[in-house]
Amino acid sequence: MEMLLLLIILPVVIFAIVLLIIFVVRKNRTHEDFDQQWHESNDEDFFHEQKKYRSEQIGQEGENWIASVLGQDIPDEKYVINNLTISSGGKSSQIDHIMITKVGIFLIETKNYSGTIYGSLNQRQWTQVFDYGKVKNSFYNPTMQSNTHAYRLKRVLGRLAKSNCFVQTVVFPKAELMIEPIDNVGDTHNLVRILNTPREYIFTTDEINRIHRKLIDFKINPRISEDKHIQNIQKTQLQIAHNICPRCNSKLVLRNGQYGSFYGCKKYPYCKFKKHV
Ligand SMILES: [Zn+2]
């Protein structure tokens, strides 16, 4: 009788214990998973926040550093205008730093990117890579951007501009550059080198004063410029958000590339605009 009871109860008890163990283990595991995920996402957010903060801080330092290298105005000798939005023909350009001197007008673009930068003179899009290749961003070739600024500035200045009067340079204060060597693109040392390169006078005192008056007027009496410029940028961002190519107004379609999915212009290869997913 006892044997029979044992034979019935024992499997039931063992089964119950096994069930209990499975239940406890599973419960713990989901807890662990949840904790793990929570930690990971939180760490990631925190990490990104930290990084964002750090790059903004360094970005600001970069800007300030360049402004301090260019220094103050020296009447009749040198004029410095930081962050100037000029407009002509309904289009606007925002130029980070302009220095007007008798040897020329320096146009300085500051790119406060971190990570490693890849690109070449004729490539329309340059690439920023960080987190050991995990994160890639593309941005418009800054030498082309600088050319657009020079073109617009020339239109604004009219007869005051002379041939080869612009000295254009792009500064990456922070990034590691893996670009094809381009004379006017580099780090802060390269900027100092460009500023210190001996050049001949091409402007008279009167001419630099007139150029300065013309340009500083965009600062003193901003036309449509500052607002319109922001509007233009917002329009572009809105188009991109709605998967419309900001360059040719075609649709952006989801494609699969070597490094994963991305949105590309429907008119590829005629238009190579890309948006990262
Ligand atoms: Zn397009």
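1. Arg255 stands opposite Phe262 in strand S11, and these two residues belong to a pairing in which six bridges join strand S10 to S11 (residues 260-265), the two strands running antiparallel. Strands here are DSSP runs of E with at least two residues, helices are runs of H or I with at least four, and both are numbered from the N terminus; two strands count as paired if DSSP finds at least two bridges between them. Please keep in mind that this is a predicted model, in which local features need pLDDT of at least 70 and side-chain atom pairs count only at pLDDT 80 or more, while totals for chains, interfaces and linings use all residues. Residues are numbered from 1 along each chain as its sequence is written.

2. The pairing of Arg255 with Phe262 sits within an open sheet of three strands, in the order S10-S11-S12, with antiparallel pairing. Its edge strands are S10 (252-257) and S12 (274-276), each of which pairs on one side only. On average, neighbouring strands of this sheet are turned by 35° against each other, direction ignored; the axes behind this angle are lines fitted to C-alpha atoms, for helices over the stretch in contact, and angles run from 0 to 180 degrees between N-to-C directions.

3. In the loop between S11 and S12 lies Pro269, and the peptide bond that joins Tyr268 to Pro269 is cis, with omega about 5°. Two further loop residues deserve a look for their backbone angles. Asp76, in the loop between helix H1 (2-70) and strand S1, has a positive phi of about 70° although it is not a glycine. Asn249, in the loop between helix H5 (225-241) and S10, likewise is not a glycine and has a positive phi of about 65°. As a background to these points, most residues other than glycine have a negative phi, and most peptide bonds are trans.

4. Are Asp76 and Asn249 buried or exposed? A residue is called buried if 20 or more other C-beta atoms lie within 10 Å of its own, exposed if 12 or fewer, and partly exposed in between, with C-beta atoms placed from the backbone. Asp76 is exposed because it has 12 other C-beta atoms within 10 Å, and Asn249 is exposed because it has 11 within 10 Å.

5. Strand S1 (residues 78-88) contains Asn83, which counts as partly exposed because it has 14 C-beta neighbours inside 10 Å. The C-alpha atom of Asn83 is separated by 8.1 Å from that of Ile98, which is 15 residues away along the chain. S1 pairs with strand S2 in the antiparallel sense over 10 bridges, and Leu84 stands opposite Ile95 in S2.

6. S2 itself is mostly covered, since eight of its 11 residues are buried. A hairpin leads from S2 to strand S3 through two residues, and five bridges join these antiparallel strands; Met99, for instance, has Phe106 in S3 as its bridge partner.

7. Helix H2 (residues 142-157) has 16 residues and reaches 22 Å from its first C-alpha to its last, close to the 22 Å expected at 1.5 Å a residue, where the expected span is 1.5 Å times one less than the number of residues. Its buried residues are Pro142, Thr143, Ser146, His149 and Leu153. Seen down the axis of H2, these buried residues fall within an arc of 110°, so they line one face of the helix; the arc is that of the directions from the helix axis to the C-beta atoms. They pack against S1, S2 (91-101), S3 (104-110), S7 (166-171) and S9 (185-186). Just after H2, Gly158 takes a positive phi of about 55°.

8. For the chain as a whole, the secondary structure comes to five helices and 12 strands, and 19% of the 277 residues count as buried. Two residues are in contact if their C-beta atoms, placed from the backbone, lie within 7 Å; of the contacts with a separation of 6 or more, 55% are between residues 24 or more positions apart.

9. A last caution concerns pLDDT, the predictor's confidence in each residue, from 0 to 100. The chain averages 80, and 76% of the residues score at least 70, but over residues 25-55 pLDDT stays under 50, and for this stretch the model has two contacts beyond four places in sequence. Where pLDDT is low, the predicted coordinates should not be read in detail.
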